[in-house]
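Hi everyone, thanks for making time this morning. Please have the viewer open, and let's walk through this one together.

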Amino acid sequence: MVSIVGSLTPVKAHEVFFQAASRVLAEQPALFVIVGDGPLLSRHKRSAHDLGIGQQVKFTGEVSKPRVDEILSVTDIGVLTSDTEGMSNALLDFMLHSKPVIATDVGGNREVVDHGRTGILVPPRDESAVSTALLSLLTNLDKAVEMGRQGRCRIEALFSREGMLHSLESL
């Protein structure tokens, strides 16, 4: 299962996620889950239907933190297609759940994702790069699992309370 977590607003560029999903599904079966709600919900449901992937794309709507954690526990790959980001809570959550991530190389994403080790960074608005990255992880589960493991280690070392206190003390 491939998940994206975020408000359904223009800046999150979910349409890139749908285009990438369409490309992936032409080669590999998968389930795509959109976690979140927002003003573009109806438009995105139509887009998935129009692309012919409506059966493989599920929308959860607005969900609680416990429900997000439940969804992430069964997610295989986390995706973030935003045009801009500060420090993405979604990326931190994916990695805390030991999930490999594919994220646009914008804002603070490079600080969170160690490209090639904990996930894959792609250019913004590049559905081809997203689909290529997805296929590389979906067809190499050992690599995906190792990226997820490395991601969790990175979160614990750099972004946990203890990791951040250690960095502050070192400074």
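I'll start with the sheet, then turn to the helices, and finish with a salt bridge. One thing to keep in mind throughout is that this is a predicted model.

So, the sheet. What is the order of the strands? Reading across, we have β3-β2-β1-β4-β5-β6, an open sheet of six strands with parallel pairing. At the edges stand β3, residues 57-61, and β6, residues 119-122; each has a single partner strand, so one side of each is left without a neighbour in the sheet. If you look at how neighbouring strands sit, they are turned by 20 degrees against each other on average, ignoring direction.

Let me zoom in on two of the pairs. β1, residues 2-5, runs parallel to β4, residues 77-80, and three bridges join them. You can find Ser-3 opposite Gly-78 in β4. Then there is β2 with β3, again parallel, this time over four bridges. Here Val-35 faces Gly-61 of β3 across the pairing. As a reminder, strands in a sheet pair through backbone hydrogen bonds.

How do we get from β2 to β3? The path goes through helix α2, residues 41-50, and the three elements form a right-handed β-α-β unit.

Helix α1, residues 14-25, lies across β1, β2, β3 and β4. Relative to β2, α1 runs at about 165 degrees.

From α6, the contact uses Ser-136, Leu-137 and Leu-138; from α7, it uses Leu-141, Lys-143, Ala-144 and Met-147. By class, that gives five nonpolar residues, one polar and one charged.

Helix α7 also meets α4, where the axes come within 7 Å and cross at roughly 115 degrees. On the α4 side you'll see Leu-92, Met-95 and Leu-96, and they meet Gly-148, Gly-151, Arg-152, Arg-154, Ile-155 and Phe-159 of α7. This contact divides into five nonpolar, two polar and two charged residues.

Last stop, the salt bridges: the count comes to eleven. I've picked one of them, between the side chains of Glu-85 and Lys-12, at 2.7 Å from N to O. Why is this pair worth a look? Glu-85 lies in the loop between β4 and α4, and Lys-12 in the loop between β1 and α1, so the pair ties together parts that are 73 residues apart in sequence.

That's my tour, and I'm happy to go back to any view.

Note on methods:
Residues are numbered from 1 along each chain as its sequence is written. This is a predicted model: local features need pLDDT of at least 70, side-chain atom pairs count only at pLDDT 80 or more; totals for chains, interfaces and linings use all residues. Side-chain values use heavy atoms; hydrogens and water are left out. Two strands pair if DSSP finds at least two bridges between them. Helices (H or I, at least four residues) and strands (E, at least two) are DSSP runs, numbered from the N terminus. Axes are lines fitted to C-alpha atoms, for helices over the stretch in contact, and angles run from 0 to 180 degrees between N-to-C directions. Contact means heavy atoms within 4.5 Å. Ala, Val, Leu, Ile, Met, Phe, Trp, Tyr, Cys and Pro count as nonpolar, Asp, Glu, Lys and Arg as charged, and the others, Gly among them, as polar. A crossover is right-handed if, with the strands pointing away from the viewer, the path from the first strand over the helix to the second runs clockwise. A salt bridge is a side-chain nitrogen of Lys or Arg within 4 Å of a carboxyl oxygen of Asp or Glu.
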